[in-house]
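Take a moment with the sequence and the fold shown here. The paragraphs below walk through them step by step.

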Amino acid sequence: MAEQGSAPASCSTDEVLQSSSFPPLDAASWQLSPLHDAVPRGLSLDEWLTRLEHQHPVSIDMGLARVLCVARRLGLVGAGARRLGGRIITVAGTNGKGSTVAMLEALGRAHGLSTATYTSPHLLHYNERLSFNGHDVSDAALVTAFEQVDSARHSGLSASGEPVDDEGVISLTYFEAGTLAGLWLIAQQQPQLAILEVGLGGRLDAVNIIDCDVAMIITVAQDHAAFLGTDLENIGFEKAGILRAGKPAVFGSDVLPSSCAAHARTLGVTPQVLWQDFRWQAAAEFVNGNVNGSVKGSVDGSTDHSAASQWQWQRLSAPALTFDALPDPGLPRDNAASAMNALVEAGIELNAECVQQAMASVKLKGRMQWLTRHGRDWCLDVGHNPHAASYLASRLAAHDLRCSRDPATQPRRALLAMLGDKDAAGVIQALAPVVDGFVVATLDGERSRQASELAAVVRHCGGEVLAECETVTAAAEWLARETSAGEVLVCGSFFTVGEALMWLDAQA
């Protein structure tokens, strides 16, 4: 039988998505605590975000002691804590977290569940980090949540040993305060499905203060080396920190570091693993009866709902399930398959029509997102490490094959801007086979990498630099003036794609 809140037997139209619209956020029903005198009143969301940016000595401060103390004061953890919602799924991984969250949400909504998602970072607006049933949270709701978090860290009720400063205040980073605000709002709304994306690592990430019902590790690769190091086994151990004893786990890859499975064993957890316990196949494979699991699917360059692009999902362990003729979600099918399996592990009975509805409707900005502006096609992707760039290149190569792109007459340009702590050489080398010239730009901020430095890396890797620009906007304008009719790839950072999206939206 379907769990309470699951979809009716048929959901082939938008009726389920409309009927499951999340109730409007109503502050009258929230459990508000009186504000401490030190909490500023009347600030706008932008003013709060500026305040949070300068609140803590460093932008990233790994550890849970401070955030746990404030969470207890907010009633999010500890004795008598209020549960976030009906089911909680936490998603960790170097790449693929955002697309997995998007597909979990689409699947949940298609099955009639009210949903909440917490993700990071954002592309254009901070509100994107928290959504209720597909709708970004309002400025007013975020301001109320920030006031509650700020009041809790000032509460003056510190117990012995709590990490407070000389004035009895607990300091929080921008991310920690935002995470607590998001979790507080989710707890007020009590969705049937809460989906939480880890920010960095897992074990010591602020999201990990919440005990999940299903933990997901999508991929493990090198990134954030200053905090996680470069040893994949250590990185895997950090990400496996989101696992909970006796709770299901889903691994979105069968090549994760052995430390992930080893940590699962210490908790008595047997994870569900892609290609071992569940899998997917492209249309031609399941039509021809190829179910040996050795062919790990194919990739497309853009969303394609034709019969040729359809795919099949199979769950091999109990309950054994098969869903045929699924539409191309335009996002990694490894992640789609993992999302489907996670919902089964969460006790949600999947319905074939609802799954088809979700795969046909899911959208996510900045992940193989295609726009047409100034007579040329622009592909935007937030990939910013070699692992993500390799996947992106494979998608574009498949797209080129399908569209018979001729680099001589349709050269593809890459608008590339990256942060200084990222592996630029690895990204450029991965993209080189599908890019015919780079336009590099400088990003704002203390972690930025200058265009001239990035250009030197491109040349060292054997690539051609067409222009060096001071901003992403200037680079986009340069490309708009170029007479080439080829595509433009925008990548390298969330900041790169966010700034480019703002410019492209203004050109619509």
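Predicted model: local features only at pLDDT ≥ 70, side-chain atom pairs only at ≥ 80, totals over all residues.

Which residues of α14 are buried? They are A424, G426, V427, I428, A430 and L431. Two are helices: α13 (386-403) and α15 (451-460). The others are strands: β14 (413-416), β15 (438-441) and β17 (488-491).

Now step back to the whole protein. Its secondary structure comes to 17 helices and 17 strands. Of its 508 residues, 57% are buried. Take the contacts with a separation of 6 or more: 75% of them join residues 24 or more positions apart. The protein exposes about 20400 Å². Carbon and sulfur atoms supply 51% of that area.

Next, find the sheet. Strands of a sheet pair through backbone hydrogen bonds, either parallel or antiparallel. Here 8 strands form an open sheet with mixed pairing. Their order is β4-β3-β2-β5-β1-β6-β7-β8. The edge strands, β4 (135-136) and β8 (272-273), each pair on one side only. Look at one pair inside this order. Strands β6 (residues 214-217) and β7 (residues 249-251) run parallel and are joined by 3 bridges. In this pair, I217 of β6 stands opposite F251 in β7.

Is G201 buried or exposed? Its relative accessibility is 5%, so G201 counts as buried; the cut-off for buried is under 20%. Leaving out residues up to four places away in sequence, G201 touches A92, L228, E238 and K239. Take L228 among them. G201 and L228 are 27 residues apart in sequence, yet their C-alpha atoms are 7.0 Å apart in space.

Last, turn to the nonpolar cores. In soluble globular proteins, nonpolar side chains tend to be buried together. The largest nonpolar core here has 65 residues. Those touching the most other members are L84, F146, L180, L185, I186, L196 and I209. Helix α6 (residues 174-189) gives the most to this core, with 9 residues. A second, separate core has 41 residues, including I89, L107, I218 and C354. Return to L84 for a closer look. Beyond residues up to four places away in sequence, L84 touches L76, L183, I186, A187, Q190, P191, L196 and I210.

How values were computed. Residues numbered from 1 in each chain as written. Heavy atoms only, no water. Buried < 20%, exposed > 50% of the residue type's maximum accessible area, 1.4 Å probe, protein only. Helix = DSSP H or I, 4+ residues; strand = E, 2+ residues; numbered from the N terminus. Contact = heavy atoms within 4.5 Å. Pairing = 2+ DSSP bridges. Areas by Shrake-Rupley, 256 points an atom, 1.4 Å probe, with all protein chains shown as cover. Core = buried A, V, L, I, M, F, W, Y, C linked by side-chain atoms within 4.5 Å.
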